[in-house]
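Subject: Structure handover

Hi,

Here is the structure I promised to pass on. Please open it next to this email and follow along.

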Amino acid sequence: MANVASTTASAGTELTARALREAVFSGLITLGLFVLFVGLETTQNIRNELVLNQRWGLLVIFVVVAMVGRFLMVAYAQPWLAQRKAAKAAAPDVAKEETFFSRNFSKIAIIALVLYPPVIVALLGVQGSLKWVDNFGIQILIYVMLAWGLNIVVGLAGLLDLGYVAFYAVGAYSYALLSSYFGLSFWVLLPVAGLLAACWGVILGFPVLRLRGDYLAIVTLAFGEIIRLVLINWTEVTKGTFGVSGIAKATLFGLKFDATKTGFAAMMGLPMSSAYYKIFLFYLILALALLTAFVTIRLRRMPIGRAWEALREDEIACRSLGINTTTTKLTAFATGAMFGGFAGSFFAVRQGFVSPESFVFLESAVILAIVVLGGMGSLTGIAIAAVVMIGGTEILRELAFLKVVFGPNFTPELYRMLIFGLAMVVVMVWKPRGFVGSREPTAFLRERRAVSGSFTKEGHG
Amino acid sequence: MEYFIQQLVNGLTLGSIYGMIAIGYTMVYGIIGMINFAHGDIFMLGGFAALIVFLLLTTFMAGVPVVLALLLMMIVGMLTAALWNWTIERVAYRPLRGSFRLAPLITAIGMSIVLSNFIQVTQGPRNKPIPPLVSSVYDLFGITVSLKQIIIVVITAILLSVFWYIVNRTPLGRAQRATEQDSKMAALLGVDVDRTISVTFIMGAALAAVAGTLYLMYYGVVVFTDGFAPGVKAFTAAVLGGIGSLPGAVLGGLLIGLIESLWSAYFTIDYKDVATFSILAIVLIFKPSGILGRPEVEKV
Amino acid sequence: MTFETNTMTKDPILKVERLSMRFGGLMAINDFSFEAYRGDITALIGPNGAGKTTVFNCITGFYKPTMGMITMKQKAGKEYLLERLPDFEITKHAKVARTFQNIRMFSGLTVLENLLVAQHNKLMQASGYTVLGLLGFPAYRQASREAIEIAKHWLDMASLTDRADDPAGDLPYGAQRRLEIARAMCTGPELLCLDEPAAGLNPRESAALNELLQAIRRDTGTSILLIEHDMSVVMEISDHVVVLEYGQKISDGNPEFVKNDPRVIAAYLGVEDEEVEEVIEQIVEIESEQGGTQP
């Protein structure tokens, strides 16, 4: 008995010693990483010369936080996690009861989204709702739609596309230019923008379909950059970096959302507010996103959708079954691009202004990250990822109370992308298959059982 | 003719920098089959480290010889960038090894965002200009060659030779090549695969940091977004040359440098990047595995 | 050199004539000709590296042969020159299906979905190339139900009905082999090409496979061409055996004939150089003997 106690005690001291060692090591690494960039700051002086500003206190805080964090991690968090894991493994496998909520998740989510604007208006008033409907609702839904569109290419067909934002740009500029040059309405141009984007999908897709894996990735990235650079440099048409402004707003069956007598507010006898237009836009993007989801779900149960997934699993086997892989890939590219185009024309109508700035590689990366973080192929997972990533970073703008903690010069927005990047890394390491790693089969004989993520492949073309 | 040769010299200088960054991409790709999107930002980080060392020297040790200054900038830059890349590999890539192929790609993009925003937050978003380090210019038969250009080409040549020696003539290089061919088999034969991969990241980062220092010296300015454009072009160079191939990376870098400077000189500077990317697409359409890449055999 | 010819009355489904395939300096197949007959199980055998899989890849369009002609003659009389068709059209139009030496499953799709993917072209047409199906036309729903019936039939044949809703990657090896064959059959082929279907199977799985192949021939009249290493499988189920060595045909006939052919024995057991003369003499002897006894 005493023997056992002494073993655990010595194991305890050993653990503490190891934790201390690792803490010192982490501290040294942290010091090395941050000594130049945190300890010193390059700033301009009055004569516009670069000078160094010393911040050793901040550096010490970084190092201490790293050391304490590492110590707590090794000494307490890791043993606790290991214990919990062992307990979990030892416990009998209880079949997870499907709750009402998880069974009807998508229906509940759709109803909640439909009710979202009136609830917000009721809670915060018409003007107060503006921010929540626009920055959160519309912004997140745009990314949901884009990610669902890209999901067709990456998640279903397994083709790695790093230039998806190009189709978004094509859609946005199609609407912006065609409406300002020819005065066509949004409802005419929405399908046109989708079709044009799909055409570009085919044009760009055709030469690169022979390429595989990462070669495909770099060429799609290159095409994305080419389209952006053309938008910047073809100033006669696109007005270059100045962008196209004054883009016509969308109407609801001819009903305008402006301050005129025939506008929405006047017709309804309400005081004029831009919030009504935003709410209209919210329902518009919600409808577009749901259309994307509906088409994706339908397509997955059709031969073309199954061929996409089969292509992701094994291209050679597809060919041996008589599937024309070239047209299959092209349709995936075109369909994905089309939804990108729709989203793009919506973006143009929402902003009233488009410029090449909005279509940088980072946007493609963010959309791809949402698809992968959500779990490739899973519409629910992707929606969750979009809410977490986009909503989470938007919420940083609202954290004014942090100024109290970090002083009045602290601007949380500055850390938005830094935290976004860190979140990408953390989520991916934590859940490499994304939030929803399993796959819903498209047909079943007896019961529909989700396919575990360990069987699905990620494609290599 | 002189104008043409002048542009060749400019292109060669630019190409040397791209080539050095491209090696980092191609080595990491060769060894773990992953596009290390954060590599461009490691290059930028190296440039910033060099910048801060330069400011330290001018502030505290005014009058230090230029050669020594450059050397110190490079060495500190290399150490810092190597430490960063080593840490990133440990934290963001190693836990995902052998899992889903897209997961490390996403963490790499995440790391790229983290690095550029980290520098923006800690060092400010503005351009960081420095006074010219070396300004001598020589006139050779009507062609202007600056000392900066000579330094860049010479340092690149020296480093590439050292690098070539390490990869082809040392046990470390042999371990790297073995891991590249088949990491499982290499592990079974006693190669420490984790360590080999770490060393690869360190080497790639060191070269990128040198490139960053030279970039700072050549253009006299660095900014936190500088990781992206040279990074993408170096990656393009690596793919153009045939990703996984070291000579290919250098060749691709030089080609892209030349295309850029010749296109800017003879056509329009606006579309120089369009030209670069178009040439990449065209080359890959006709030669899907790059110029010096091993063609991928599709085994049925 | 003459080979046994007892097949004058039979109707060839596949005719391979003077097939050659060169990889760089290596002549993998050299002037190889043979015929497979309708309704037969034809086995293509030979030592490792003889070029069997290369022949298969030429027939199914994954390689384009350097020279030669491959003719597929369908029941209805339509002929296809396979060396001119891209791989997927060989399955789609010429009705030649294949399996692979290292199984190629859609491992993340369920067993049932695997069989539905195989009916792609038919379903594609029924869905009006997706457009009508997307709009919910009943024709597609009907076709989709029929496709599931066909899949059910093949699940039954391959005794996989219990696993229909499991991911294909979760099946044991032998079941994956059977699934791959069932999947190939779902394309509705007239000729089924199997690349080493018995490789890696245990005796029980091997027996199940034999049964499946016999059933396929019996019920559907599909002709089968298979590559096999396992001589017991070959001898048990095939009607006609073609032997390949170093890219050339060395024997061709019924299993009994091939089994006793000294060239085949030499190829499989290996012969010393000085014995070659001796063996050839023996062959000539046997050939003349057979010429005498057989009509």
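How many Å separate the centres of domain 1 of chain C and domain 2 of chain C? Taken over C-alpha atoms, the answer is 28 Å. One caution before you go on: this is a predicted model.

**Chain C: domains**

Start with how chain C is divided. Domain 1 of chain C is made of two stretches, 1-105 and 189-260. Domain 2 of chain C covers 106-170. The two domains do touch: 5 residues of domain 1 of chain C and 9 residues of domain 2 of chain C take part in the contact. On the domain 1 side, helix 8 (residues 203-220) of chain C gives the most, with 3 residues. By class, that side has 4 nonpolar residues, no polar ones and 1 charged.

**Chain C: the sheet**

Now look for the strands of chain C. An open sheet is formed there by 4 strands, in the order 2-1-4-5. The pairing is antiparallel. Strand 2 (26-37) and strand 5 (79-81) of chain C are the edge strands, so each pairs on one side only. Direction ignored, neighbouring strands of this sheet are turned by 15° against each other on average.

Go through the pairs in turn. Strand 1 (residues 12-23) of chain C pairs with strand 4 (residues 67-73) of chain C over 5 bridges, in the antiparallel sense. C:K15 stands opposite C:T71 in strand 4 of chain C. C:E17 stands opposite C:M69, again in strand 4 of chain C.

Strand 4 of chain C also pairs with strand 5 of chain C, antiparallel, over 3 bridges. Here C:K73 stands opposite C:E79 in strand 5 of chain C. These two strands form a hairpin, with 5 residues between them. In the turn, C:G77 has a positive phi of about 100°.

**Chain A: domains and hairpin**

Next, chain A. The domain assignment gives domain 1 (8-89) and domain 2 (132-430) of chain A. Their centres, taken over C-alpha atoms, are separated by 39 Å.

Chain A has a hairpin to look at too. Strand 1 of chain A and strand 2 of chain A run antiparallel and are joined by 5 bridges. A:T43 stands opposite A:V51 in strand 2 of chain A. The hairpin has 5 residues between its strands. A:N48 in the turn has a positive phi of about 65°.

**Where chain A meets its partners**

Which chain gives 46 residues to the contact between chain A and chain B? Chain A does, while chain B gives 53 residues. Several elements of chain A give two or more residues to the side that touches chain B. Among them are helix 1 (2-34), helix 14 (361-374) and helix 17 (416-430) of chain A. Strand 1 (40-44) and strand 2 (50-54) of chain A, the two strands of the hairpin above, are included as well. Helix 7 of chain A gives the most, with 11 residues. By class, this side of chain A has 34 nonpolar, 5 polar and 7 charged residues.

Chain C touches chain A as well. That contact takes 32 residues from chain C and 33 residues from chain A. On the chain C side, the elements that give two or more residues are helix 2 (87-92), helix 3 (111-117), helix 4 (120-126) and helix 5 (131-134) of chain C. By class, this side of chain C has 13 nonpolar, 12 polar and 7 charged residues.

**Chain B**

Last, chain B. Chain B has 11 helices and 4 strands. Along its principal axes, the C-alpha trace of chain B spans about 55 × 45 × 35 Å. Why does a radius of gyration of 19 Å agree with a compact globule? Because a compact globule with 300 residues would have a radius of gyration near 19 Å, and chain B has 19 Å.

An unreviewed UniProt entry annotates "transmembrane region" on several stretches of chain B, including residues 42-62 and 68-88. Check these two in the model. Over residues 42-62 of chain B, the chain is 90% helix and 0% strand, and the end C-alpha atoms are 28 Å apart. Over residues 68-88 of chain B, the chain is 100% helix and 0% strand, with the end C-alpha atoms 30 Å apart.

Best wishes

How values were computed: Residues numbered from 1 in each chain as written. Chains lettered and ligands numbered in written order. Predicted model: local features only at pLDDT ≥ 70, side-chain atom pairs only at ≥ 80, totals over all residues. Domains from an automatic or database assignment. Contact = placed C-beta atoms within 7 Å. Nonpolar A, V, L, I, M, F, W, Y, C, P; charged D, E, K, R; others polar. Axes fitted to C-alpha atoms, helices over the stretch in contact; angles between N-to-C directions. UniProt positions renumbered as here; feature names shortened; annotations may be inferred. Rg over C-alpha atoms; globule rule 2.2 N^0.38 Å.
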